[in-house]
Amino acid sequence: MTDQAIAITVNGERRKGRTEARTTLADFLRDELALTGTHVGCEHGVCGACTVLLDGEAVRSCLVLAVQADGADITTIEGIGPEPGRLGPVQQAFMECHGLQCGFCTPGFVVSVTSFLAEQPAPTDDEIREMLSGNICRCTGYQGIVAAVHRATELIEEATA
Amino acid sequence: MKPGPFEYHAPHTVADVTALLAEHGDECKPLAGGQSLVPMLALRLTGFPHLVDLNRVDGLSGVERSNGTLVIGAITRQRVLERDPQIAEAVPLLARAAPLIGHFQIRNRGTVGGSLAHADPASELPAVALALGATFDVAGPNGTRSIAAADFFTGTWSTALEPDEIVTAVSFPVRGERTGSAIHEMARRHGDFAIAGAVANMSLDAAGRVSAAAISLFGVASTPVRATGAEAALVGAAPADINTLEIGRLALADQEPTDDIHATGPQRARIAAHVTGIVVARALEEAGR
Amino acid sequence: MTTTDAGSAGRFVGQSVRRKEDPRLLTGRGTYVDDMSLPGMLHACFVRSNVAHGRIVSIDCDAARAVDGVVAVLTGTELNVGRGSMQPTLMFEDAANVAVQPLTEGTVLFVGDPVALVVAESRAVAEDAAELVEVNIDMLEAVVGFDAALLEGAPLVHPDKGANVGQDMPVIMPGWDEIKADAAHVVSATFNQHRQTNVPMETRGIVASFDPASGELHAYLSTQNPHEARLVLSRVTGVPEHLVRVTARDVGGGFGQKMFLFRDEQTIGAAAVYLGRSIKWIEDRRENLIASNHARADRTTVELALDADGKLLGAFVDEVEDAGAWPLGSMGGAAPAVGAYFTGAYKLPFLSWHARAVWTNTCQRGAYRGPWMMETTAREQMVDYAARAIGMDPWEWRRRNVVKDADLPYTTPMFMTYDDSISPDATLEQAAQVIDYDAFRAEQRRAFESEGRLLGVGLSLYIEPCAMGMMDPLSTETANVRVMPSGKVSVALGTGSHGQGLETTMAQVVAEELGIDIDDVIVVQGDTASSPFGRGTGGSGSAIIGANACRLASAAVRDKAFAIAAQLMEAAANDLEVSDGRITVKGTPARGIDFAEVARVAYLETAKLPEGMEASLEATHTYKAPPVTWANACHACTVEVDRYTGLVKILRYVVSEDCGKMINPAIVDGQIAGGVVQGIGGVLFEHMIYDPDGNPLATTFMDYLLPTAAEIPTIEIHHIETPAPNPGGHKGVGEGGAIGAPACVFNAVADALALLDVTITDQPLGPREVLDALMAAGH
């Protein structure tokens, strides 16, 4: 099996690499591009830790082959904030509300929530819990995460007001 | 947990897809959204020397309405079903079913055609297609054909597709007058495959009696199944006279669901009957509005 | 009992300070073990048994070795030679134990038992080759479950031990028969708790690098306990302890699974030394589910004797735990604690118990957040069972039997004394009041009688032994507090934070004691090269042991800083105080000197130091935990059971807890909520199920169901803050949520089903089990 060339835009930067067809986007980001913020928690599409934005939509990067992403625009946790060293509103809200403990699932939550709030800026508690159900956290009991999503809606509103 | 090696093909035309499928036979598998196939590859529960990616094929994506039919391209993402106002208006059942499929991250990638062709007996879209009498447009190396939903699902993860055929589009009849529809399922957690679920599509005549009834069940057999006995009992009845509990029991009368770790067969039947009662009531309520 | 309120909080201690860990973790810049790459690093994959019990006839590695990119395929023949003990230090001398080797030779004992190791240029290639290793096994009958293990003439998991009962500890006190004979009521029931597993979101993993020239082994690990990992790696590889370095940066959860270094990581360490290479092994999720460690899996029979008013006269507890196939630590371990701690929060005049652990052909049992929490599960479920049997409300029963403030200090029948720092009565009352117990009872009756709905309420009350100083290798932590010439402070600790936020809470304590800003403190932990030996993080101990080590080391630094400041300011040291980074004379705030200036002098102008004083400004303190520190809590929840589908919905969940003086209330609440949700998940969703042949049936996240946000209610947490008798007044809080929750949820469901006269005794309570109970009773 020969490696295939891939060119993708990641967090606004053009990146090239070569990989086997069987390599998932998650592994490609981590191993070839050294973007290790995308975490691999189950490798079978359930836990959501590996969630990235693919052409603007939140997807499991363990269920997309890297070759399928050739030419695509990817945003990972490293690219969610406004600039290096600064937190975006969702990240800020997670920090304020103790929405993370071990932090392993966190990148997937932050990416998923960012995508969700862009579409639905004022969700109810039930909508938030339903939206979050595609990501598994084993530490927080989701309490701080639900609070963080509420807080993020405020921070986003303040920023755009 | 890494997939075994394979050769990856990304053709741009349906003809190239079917030619590749014909050439490689059993050693080849089409890859649509990959939300079921990729995990099975990663777990090495299955493996193919060749994968044919449908995502770059022209003309497989999109939604079009014409002549009382809504045609959905096979590679249309499931997320479109819940977002496209045209779908909510023409075939509301699709918009109601979509949120039950996995989670939004799955639906962003998973496709309508992929879910139907994967034919998981516990999944929602096959049951919707069956209840609504959808038609599958299929392409193979020797041309195209249509398969009715009633003939499409042949067993667990198996369909009437030949190995060198793919689904290119699915056509759903647009909702008629005085028609209501509903889908409901019982799953362990939000987004899980259903332990059992049911779909109902009910029409009333001008006098307010049931003129047409379609009920399909999922999770209770190796394919989605129509509850023909229950449907027959509904037709001609006035909604006020309908005992939905009894309809639920009737719907499961000739089903013998199997056991798994989440429910025994009899429990699955009990749950399906309960869920059936709910969807019949909801569909009738909507039809009478 | 005395209670304190938030008014006693300091500038940092007692405040929900934002976590220092968060900015890096929120931006994808944490460093978990799989993020570590070394030049020339190889990747490993285990070949594991796919049968539960069988004799290995042959292992053919030829095809695997021929795969392009494969460097080595190792079996016990290569790797098991000359190994030291693989047991944790805590259990090192346990003679009853079974010896474990890196790779199983002879007889495989469970599905997942490692028999070979493939080392290759990538994990994918290692998996390709692993599929080609042909392991030929003659199958033997598998021992699965308590009944099979205890059956007369059952096949033996470890034939050389002569029995499947690997631990048998009867603590039979005289007089039980007489107590029962005189009792108004004797109630007996058997409770089964099902098998579950920890499931940290980051699986286990190691990158082990051996340099044959220097003889140094450096292991990057996902561990709760870096110093223990170093000791164990040293023993198994033969590399002397000073040449082994363990580094754990960010750790993605553990809940006990990463407390001791497991066999797989040790095997990778051994392989790295054997091959003289760097090897990465990241456990995949299937391995984590089937072959890491399982937990719970208890069967407990409880017999209670009660007087006519429902007051406890005595209890007998028969506990059996399923230890699985191989020891993780000693054989058993938790079962005796179920007996020893059974008293809980009640006045119990008499207790007698019998604890056993059995070997089975299943995955090994290991520590999981509250390893012996069956004492609470069995006791609290029995309380409800017994109360119902004698026609008394379970809350009323608890009120009559709970240890009240006036009863303190109270000594249990197992000779353990609760001092006056516990508050079970107060937490019971608070939890019941907050959940509005009486109003719910009325609503329950109305909903049942008018709508046939099944609502239920459950309580669960417990006392948890935390940070047990009596377990020596887990009893001490050393803090080194080092002030730099600029006045900034570095704290080195042997802890292994894996989500608890110790980089923040320990810094809070140091900043508070030194009177400086928390931004001027960094906590360095998780690296044996930079931190003193310590116990790691587990057993609800870090707040007690780690924080007090930090506090006392900081106090020594502060004393020295005052001595220096006194000299510089010509004041008396005992007249000084420090806050906001400035040391001042009490009552004369204008007379002062910056803490940073003192630090500068301590290193750079040593001639100004008091006569004979050692230059530098740092201190090290080793804190040894008291034998036990008691924490307590009461949980209360309400549920609705869907009688058609068997689904249980939790309506409200309330915790009233007393973890003593809180360092960071947000982190305390996070620990409680997380533990509670694991407990809820355990009862309603999670089940590590085996078929009768020993095949695991929950091998992916499609089958092992973890609770998501959509299934979980808001956890309403209330605090009663009774300081513990240690310098900081802290108690443990890491495990309590998971200890109290299962019985609470179970009792609520049992309460709902009791409306239909349906009785349950076993977990889990998924729809399958709930419907089984309903349908068996004709509903």
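Q: What is the bridge partner of Leu576(C) in E23(C)?
A: In this predicted model, Leu576(C) is bridged to Val585(C) of E23(C).

Q: What makes E22(C) and E23(C) a pair of strands?
A: Strands count as paired once DSSP finds at least two bridges between them. Strand E22 (residues 576-579) and strand E23 (residues 582-585) of chain C are joined by four bridges, in the antiparallel sense, and therefore they meet the criterion. The two strands form a hairpin with two residues between them. In the turn, Asp580(C) has a positive phi of about 50 degrees.

Q: Which residues of strand E22 of chain C lie on the covered face, and which on the uncovered one?
A: Leu576(C) and Val578(C) make up the covered face, whereas Glu577(C) and Ser579(C) make up the uncovered one. In a regular strand, side chains alternate between the two faces of the sheet.

Q: Why are E3 and E11 of chain C said to stand at the edges?
A: Seven strands of chain C form an open sheet of mixed pairing, in the order E3-E5-E1-E12-E9-E10-E11. Strand E3 (70-75) and strand E11 (244-247) each have a single partner strand, so one side of each has no neighbour in the sheet. From one strand to the next, the twist averages 20 degrees.

Q: How do you know that E3(C) and E5(C) pair?
A: Five bridges join E3(C) to strand E5 (residues 114-120) of chain C, and since at least two are required, the strands count as paired. They run antiparallel, and Leu74(C) stands opposite Leu117(C) in E5(C).

Q: Which strands of chain C does helix H8 lie across?
A: Helix H8 (residues 263-275) lies across E1, E3, E5, E9, E10 and E12 of chain C, at about 25 degrees to E9(C). Helix H7 (residues 226-237) lies across E10 and E11 of chain C, at about 140 degrees to E11(C).

Note on methods:
Residues are numbered from 1 along each chain as its sequence is written. Chains are lettered from A and ligands numbered from 1 in the order in which they are written. This is a predicted model: local features need pLDDT of at least 70, side-chain atom pairs count only at pLDDT 80 or more; totals for chains, interfaces and linings use all residues. A residue is buried if 20 or more other C-beta atoms lie within 10 Å of its own, exposed if 12 or fewer, and partly exposed in between; C-beta atoms are placed from the backbone. Axes are lines fitted to C-alpha atoms, for helices over the stretch in contact, and angles run from 0 to 180 degrees between N-to-C directions. Two residues are in contact if their C-beta atoms, placed from the backbone, lie within 7 Å.
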